[in-house]
Amino acid sequence: MTDTPSPRSNPKKRKIAATARAAKAALDPRIVVFACNWCSYAGADTAGVSRIQHQPHFRMIRVMCSGRIQPAFVLRAFEKGADGVLVSGCHFGDCHYIFGNERAVEQFEKTMNVVKLLGIDEGRLRLEWISAAEGARFAEVINEFTDQVRALGPSPFAISDAIEEIEIPETETEAGTETGKGMEA
Amino acid sequence: MQQLARDTNAWACYDCGKCTATCPVARVGGALSPRRHVLTANLGEGIEPSRDDTLFSCLTCSLCETRCPAEVSYTGLVQRLREAAFDAKIEPECPHGGALQSVMRMMAKGGTQQNRLGWLSDELKTDAKEGEVFLWTGCTVYYDAFFPEFGMKTVEGTRATVRILNHLGITPVVSPEERCCGHDLLWNGDRASFEALARHNVELVRSSGAWMVVTPCAECARTWKMDYEPFFDGRVPQVVHLSELLAERLGDLRLQANGTSRVTFQDPCRLGRHLGVYDAPRQALAAVPGLELEEMRSSRHRAACCAGGTWGNCDRFAKRIQIDRLREARATGAEVLVTACPKCQIHFRCAMKDPNFESEVSIEMRDVAEVVASALA
């Protein structure tokens, strides 16, 4: 074992890695996926359990119902530098709360109008219905959307936040081991 | 903190409590006490928003300042304290999930080409780049996109403004590069984003060569007149609210009756108490033939605010203030409630949706620009 800490625990090196990551965001887009608890999230689960390969560049946020996804959620994601946002929920007639996804459509349309006004490319935002059984469809949607966002390149709002966000303070255990090592040396 | 007390004249406070007695939030039962905040500042203690969330319930409507015998700038104090809170990463619970704040921050970051001029039609004469008069349109297109359920078009006020300016022989600059004036972010404590917006906007107007900025929005007018001052470099453009321009050039307007006979006027807090413009909109309305202005029980510097000026506060107290104000408007017997700020329209229209009071408080609302534009010969 050497005294040099691993690149994982070195904040400076980590920051450089993060900057590099931000630079090649064109290759690895950062996508936020909002999924409802009853259909789409389970659909993602099905995709995983069935081992269907799909691109890994998305972060999933589970909500109880797609009707919960108000414009603020999506706009916040864009503000913080997301390259794409996917909103997903149950098919019409399948909503666990009967009309939650109809509400989601209203909210989505409102969001889309604001996104267009802001000049964010329409292709960065999408609404999809994915049921719990449609694992293959989930993978397909993710692949297609990731390719689409990748083609659009990094979000105009992504630059500064991308670095700030990835910097993680060292955990106590890591710091503890390092002190231990220092004493040994 | 001592510097803050000096800057806002808080030292002069002699604890009479008129501010808390007049505060519209306190009147309807809110816990906000301007007096307590001033005293705390004088004692040299910071207000901890984590424990005292009333810092964010102030409407910054400035009603307390009109009554304060010691001329303490309470809104100035609130603004500075909110900046400190923001720096400490304490943010208010913004209504609408903070969506509007997100939009403003994205505009502050820039980098996209907004599509904000979709309302410009062919008969409106404007210039996208250069001209003598810059029309500051404000964010009405965004508001219309956010609140389709109120069935209103605040952008009509903006369109009416262009018609009036064209009527006066002015071809205004309307730029697609315009961004939010930053008013709301400033009053929510986000000074860094406000400054980014201010620098962009000042540069935009400078590059257009305009010597005058006209805006139909009371908040934009306040921000341009009072908060942009440090950002001007060299030549400072003259900033006027549309109603001021109307009052000045009434003689050049050819007006005819437009079918509206009885109206009442809601003084926006930014236009009235912040800028001291009370007469201009009234003169503009009085110039429309056949139009009679009926004042509400409290008007001019005593007028109640729409309780949502900065997209920062919306709670049961705000709703009570709005319902009370709409009742006053209805009591005048006016058919139309005229205002001069898009936000007054949005918040009052929202209050009219309240199923408990709907029939008691519903009244048609229009912007002063729309009323005058519809009377143009």
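Begin by selecting B:Val133 in this predicted model: the bridge partner of B:Val133 in strand β2 of chain B is B:Met212. Extending the selection to residues 133-135 of chain B shows strand β1, which pairs with strand β2, residues 212-215, in the parallel sense over three bridges.

Next, select residues 238-241 of chain B, which form strand β3. Strands β2 and β3 of chain B also pair in the parallel sense, here over four bridges. Within this pairing, B:Val213 has B:Val239 as its bridge partner in β3.

Now colour chain B by its domain assignment, which gives domain 1 as 2-87, domain 2 as 95-248 and domain 3 as 252-374. Between domain 1 and domain 3 of chain B, the C-alpha centres lie 27 Å apart. Contacts join 13 residues of domain 1 to 14 residues of domain 3 in chain B. On the domain 1 side, select α3 (24-27) and α5 (63-67) of chain B, the elements that give two or more residues to the side touching domain 3. That side of domain 1 of chain B has seven nonpolar and six polar residues, and no charged ones.

Finally, select residues 342-352 of chain B, helix α17. Why is helix α17 of chain B described as largely enclosed by the rest of the structure? Ten of its eleven residues are buried, so the remainder of the structure largely encloses this helix.

Conventions. Residues numbered from 1 in each chain as written. Chains lettered and ligands numbered in written order. Predicted model: local features only at pLDDT ≥ 70, side-chain atom pairs only at ≥ 80, totals over all residues. Buried ≥ 20, exposed ≤ 12 C-beta atoms within 10 Å, placed from the backbone. Domains from an automatic or database assignment. Contact = placed C-beta atoms within 7 Å. Nonpolar A, V, L, I, M, F, W, Y, C, P; charged D, E, K, R; others polar. Pairing = 2+ DSSP bridges.
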